[in-house]
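This report concerns a single structural model. Please consult the sequence and the coordinates alongside the text.

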Amino acid sequence: MAIYKPKIPEIHLHELEARPQAIVAFGREYPSGHLVERHQHGRAQLIYASKGVMRVDTPLGVWVVPPMRAIWVPPAVDHEIRASSTVHLRTLFFRPDLRDTLPRQCCVIEVSGLLRELILRMVDLARSGGPAPALDAMTELILGEIREHDILPMHVPLPNDPRLLRVCHALLQNPADSRTSLQWGSLVGASSRTLERLFQRETGTNFRVWRQQVRLLAALSRLAAADPIAVVAQDLGYQSPSAFTAMFKRTLGCSPRRFFPAPEEE
């Protein structure tokens with residue numbers, strides 16, 4: 001699939017962030033394959049797609065954001081956004097003085113029905129120049145919803161060691177790769193024991209669990225695009241759809257079908 005790299009209107013975004021409101025909103029539609037190249041902001045962001053699936057990459061890890069979820073990105077964090085499908089991006093930018101009461105690290109949070117409607121309304125008001133009192137009232141509701149957020153396991157941490165990073169990038173490109181840590185070690189010039197030790201030290205987990213998380217994130221993008229569960233399971237190296245579904249339920253607490261209810265259109 002071709003990667004699109006249209007220019008981002010940086011001047012517009014800088015002007016937006018300079019406004020005095022506690023929260024300012026931005027909306028845009030992107031085609032599948034679109035890449036927002038690596039950048040950062042002076043404000044924290046809540047990045048949400050009312051339609052579609054995004055992958056957000058930072059120097060510390062990779063997040064996949066399906067519908068009814070959003071990623072929180074603190075100020076001054078380098079990140080890039082890839083559209084895994086057609087995406088309706090809806091972003092809220094938070095004034096820096098609010099960060100003491102909000103998350104300090106990148107995380108994926110569940111978007112309640114109320115928070116979804118607040119985000120969409122904020123974007124609508126920003127486009128139409130809506131009244132300030134309405135924005136002030138919604139700001140308090142949005143802050144309350146984010147403070148009560150549930151963090152979801154949709155993150156793959158990335159290491160610093162160049163040998164380990166080579167393995168990680170290869171698996172992100174091909175999550176179904178079934179090579180063992182011994183085989184990967186032979187490829188990058190390290191023993192299996194060294195790779196396992198590095199995985200634990202630099203990612204906080206072992207090689208098997210890390211690879212399972214990569215496969216889960218790849219599956220989320222496929223399932224959100226309505227690919228059949230059986231096909232996704234086979235393509236990602238699972239022995240059966242039931243084995244894949246069991247892993248999915250252990251990690252996210254529900255089946256793939258329950259995780260992807262059809263969202264309402266804007």
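The following paragraphs treat the sheet, the nonpolar cores and the cysteines in turn.

The model is predicted. In it, six strands build an open, antiparallel sheet, ordered β1-β8-β3-β6-β9-β10. Its edges are formed by β1 (23-30) and β10 (151-152), each of which pairs on one side only. Strand β10 is joined to β9 (residues 107-110) by two bridges in the antiparallel sense, and I109 stands opposite I151 in β10. Helix α2 (residues 113-128) lies across β1, β3 (44-51) and β8 (87-94), and runs at about 90° to β1.

The largest nonpolar core has 59 residues, of which W210, L220, F244 and F248 touch the most other members. Helix α7 (residues 207-224) gives the most to this core, contributing eight residues. Beyond its neighbours within four places in sequence, F248 is in contact with L216, L220 and L223, and also with G253, C254, S255, P256, F259 and F260. Another core lies apart from this one; it comprises 27 residues, including M68, A70, V111 and L118.

The count of disulfides is zero.

| Cysteine | Nearest cysteine sulfur | Distance | Relative accessible area |
|---|---|---|---|
| C106 | C107 | 7.6 Å | 17% |
| C168 | C106 | 17 Å | 0% |

Conventions:
Residues numbered from 1 in each chain as written. Predicted model: local features only at pLDDT ≥ 70, side-chain atom pairs only at ≥ 80, totals over all residues. Heavy atoms only, no water. Core = buried A, V, L, I, M, F, W, Y, C linked by side-chain atoms within 4.5 Å. Buried < 20%, exposed > 50% of the residue type's maximum accessible area, 1.4 Å probe, protein only. Helix = DSSP H or I, 4+ residues; strand = E, 2+ residues; numbered from the N terminus. Contact = heavy atoms within 4.5 Å. Disulfide = S-S within 2.5 Å. Pairing = 2+ DSSP bridges. Axes fitted to C-alpha atoms, helices over the stretch in contact; angles between N-to-C directions.
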